Amino acid sequence: MEQFVEKVVGLNEPKTIFMLCGIFVFTDVLTGYLKAFKNKKVNSSISRDGYIKKVGWVIAILLGFLVDLLVGVNLFLIGSAIVCISTEGISVYENLGEIGINMPFKKYFEKLDQKESE
């Protein structure tokens, strides 16, 4: 995880950061739909809520970019990107596991899900 954070912090081109976040958001939407189709739980309300969350990520990334631009640092965009990529990456990982792809760390996410539901 530390190497991932170091790589993202090392990015200094906003275009690259936007593209990276976009790839993770798109992949989460795609794997979410695959999971919904597999489980026969395609639902427009759930989709709408997911899209609202995705628009929220876009706003957070743009806000981070604007704050960095105004303040003259390269911190807020990077911070927003790390949270976005981490969150969406975990979601993609969970979705892939739920559609039947054998994920090596799936057991750790199952333990987290069990603790949250208690």
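The structure holds 0 disulfides, a disulfide being a pair of cysteine sulfur atoms within 2.5 Å. Cys 21 takes part in none, and the nearest cysteine sulfur, that of Cys 84, lies 4.1 Å away. A disulfide is a covalent bond between the sulfur atoms of two cysteines. The 4.1 Å from the sulfur of Cys 84 to that of Cys 21 is too far for such a bond. Cys 21 is buried, at 4% relative accessibility. Cys 84 is also buried, with a relative accessible area of 1%. Here, buried means under 20% relative accessible area, exposed means over 50%, and partly exposed lies in between (1.4 Å probe, protein chains only).

The model is predicted: local features need pLDDT of at least 70, side-chain atom pairs count only at pLDDT 80 or more, and totals for chains, interfaces and linings use all residues. Residues are numbered from 1 along each chain as its sequence is written, and side-chain values use heavy atoms, with hydrogens and water left out.

The secondary structure comes to 5 helices and 0 strands. Helices (H or I, at least four residues) and strands (E, at least two) are DSSP runs, numbered from the N terminus. Along the sequence, the pattern reads α-α-α-α-α. The protein has 118 residues, and 25% of them count as buried. Contact means heavy atoms within 4.5 Å. Among contacts between residues at least 6 apart in sequence, 63% join residues at least 24 apart.

Helix H2 covers residues 14-38, and helix H3 covers residues 44-71. Their axes come within 11 Å and cross at roughly 170°. Axes are lines fitted to C-alpha atoms, for helices over the stretch in contact, and angles run from 0 to 180 degrees between N-to-C directions. H2 and H3 are therefore roughly antiparallel to each other. That term applies to angles over 145 degrees; under 35 counts as roughly parallel, 65 to 115 as roughly perpendicular, and the rest as oblique. On the H2 side, the contact is made by Pro 14, Phe 18, Cys 21, Val 25, Asp 28, Val 29 and Tyr 33. H3 supplies Ser 47, Tyr 51, Lys 54, Ile 61, Leu 62 and Phe 65. By class, this contact has 10 nonpolar, 1 polar and 2 charged residues. Ala, Val, Leu, Ile, Met, Phe, Trp, Tyr, Cys and Pro count as nonpolar, Asp, Glu, Lys and Arg as charged, and the others, Gly among them, as polar.

H3 has 28 residues. From first C-alpha to last, H3 reaches 40 Å, close to the 40 Å expected at 1.5 Å a residue. The expected span is 1.5 Å times one less than the number of residues. Ser 47, Lys 54, Trp 57, Ile 61, Gly 64 and Asp 68 of H3 are buried. Their cover includes H2 and H4.

Between H2 and H3 runs a loop that holds Lys 40. Lys 40 has a positive phi of about 55°, although it is not a glycine. At 75% relative accessibility, Lys 40 counts as exposed.

Helix H4 has 23 residues, 76-98. Its end C-alpha atoms are 33 Å apart, in agreement with the 33 Å that H4 should span. Gly 79 is found in H4 and is partly exposed, at 33% relative accessibility. Just after H4, Gly 100 takes a positive phi of about 110°.
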